Amino acid sequence: MQRKAVRQRRRVLPGIAMLTALVAGAAGLTGCTSGSGVGSDTDSKAGDSSPAPAPAGKYRSLPAPCKAADGKRLKAMLPVGDSLTEQQRAQLYAGVADTSYDGDRHVGCRWTAQSPEETRLLSVGFERVVSYDRTLMSDDDKARQVYVRRLTDAHLPFPGPTTSPTASAVASSGAPPAASTPPSAGGQPPAPGTASPSASVPPPELGSRVLEGLGTEAYIEDKLSAAGASAAQARTVRIVFRTSNVIVTVEYSVQPALPGTVPSSPETQDKARQLAQALVERFNE
């Protein structure tokens, strides 16, 4: 009799254990299902109330800066003497890439050409701007913010016209304005038959200003290095323009070797602007 009772308990205990496990599993499953339902409802409500993220910028990568300018343009901007070998010329026009730790965010390239008459420097830089929270600001808006900060650092108004109607006309045509004959010391034009002093008039200065028709927005800086009367002055032209979420910087410098020489403002600006326009077209391809 006692053996029979023991056998019955052995049969009942596993059954109870199995029933307990089934009940516990069902409760857990119900809890998970209930929790998932609440979470999904919460996420759905949160998604309905939060703004949709702004679209990403147009550009996801950057071109190779040392190949951004074609060889013909580089030779026009960086003339060298006949003393260089073909290998030296090829190395010069290949450029030197800037150090970059993220080739999809910031890259640049530099060129240097020297001759007995002058030294010319050229650099091109590309920066792809990314907004890390596009629910607050798009990539384009962030790039515009960076551009305006640089414009402010250059002490130029935004937005604003060119420095003068003459400068605006020159920028559009690419040709320097005709130099007018300066009046004599008494305020009157030179008398007939006298030599015109126009040959001694320095080339016109176009100055720094906001540019129209270059990328989304652009500006140019034109600066002469401070130098004494007997020293040569270097002219540096910097063009910065934005196209969507990329900011491009072109810097072109001409440093004469002869004292008293001043590089032409229209010519230096024109070459820098032609390169900038070619880069705009490259991004629009």
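1. Pro 259 is found in the loop that runs between strand E7 and helix H6 of this predicted model. Its relative accessible area is 57%, and because exposed means over 50%, Pro 259 counts as exposed. Although Pro 259 and Ala 231 are 28 residues apart along the chain, their C-alpha atoms are separated by 4.3 Å.

2. The strands form an open sheet of seven, in the order E1-E2-E3-E7-E6-E5-E4, and their pairing is antiparallel. At the edges lie strand E1 (96–97) and strand E4 (209–211), each of which pairs on one side only.

3. Helix H4, which covers residues 139–153, lies across E3, E4, E5, E6 and E7 and runs at about 25° to E5.

4. Which parts of the chain does the disulfide tie together? The structure holds one disulfide, and it joins Cys 66 to Cys 109 with an S to S distance of 2.1 Å. The link of Cys 66 and Cys 109 is right-handed, with 100° about the S-S bond. Cys 66 lies in the loop between helix H1 (2–49) and helix H2, whereas Cys 109 lies in strand E2, so the pair ties together parts that are 43 residues apart in sequence. A disulfide is, in general, a covalent bond between the sulfur atoms of two cysteines. Cys 109 counts as buried, with a relative accessibility of 0%.

5. The largest nonpolar core is made of 36 residues, and those with the most contacts inside it are Leu 122, Phe 126 and Leu 279. At least two residues of this core come from each of several helices and strands, among them helix H2 (71–77), helix H3 (86–94), strand E2 (106–114), strand E3 (118–128) and helix H6 (265–283). H6 gives the most to this core, contributing six residues. Leaving aside residues up to four places away in sequence, Leu 279 touches Ala 68, Val 124, Phe 126, Phe 241, Val 248 and Val 250. There is also a second, separate core of eleven residues, which includes Val 146, Tyr 147, Val 210 and Tyr 219.

6. Is Arg 120 buried or exposed? This residue lies in strand E3, and its relative accessible area of 9% places Arg 120 among the buried residues, because buried means under 20%. The side chain of Arg 120 makes a polar contact of 2.6 Å with the side chain of Tyr 252. Apart from residues up to four places away in sequence, the residues touched by Arg 120 include Met 77, Leu 78, Pro 79, Trp 111, Tyr 252 and Lys 271.

7. Arg 235 lies in strand E6 and is buried, with a relative accessible area of 0%. Which side chain is joined to that of Arg 235 by a polar contact of 2.7 Å? The partner is Asp 222. With residues up to four places away in sequence left out, Arg 235 touches, among others, Glu 205, Asp 222, Tyr 252, Val 262, Ser 265 and Thr 268. One of these residues, Ser 265, is 30 residues from Arg 235 in sequence, and the two are 7.7 Å apart in space, C-alpha to C-alpha. Tyr 252 links this point with the previous one, as Tyr 252 is touched by Arg 235 and is also touched by Arg 120.

Terms used: Residues numbered from 1 in each chain as written. Predicted model: local features only at pLDDT ≥ 70, side-chain atom pairs only at ≥ 80, totals over all residues. Heavy atoms only, no water. Core = buried A, V, L, I, M, F, W, Y, C linked by side-chain atoms within 4.5 Å. Buried < 20%, exposed > 50% of the residue type's maximum accessible area, 1.4 Å probe, protein only. Helix = DSSP H or I, 4+ residues; strand = E, 2+ residues; numbered from the N terminus. Contact = heavy atoms within 4.5 Å. Disulfide = S-S within 2.5 Å. Polar contact = N/O pair within 3.5 Å; in protein donor to acceptor, adjacent residues only side chain to side chain. Pairing = 2+ DSSP bridges. Axes fitted to C-alpha atoms, helices over the stretch in contact; angles between N-to-C directions.
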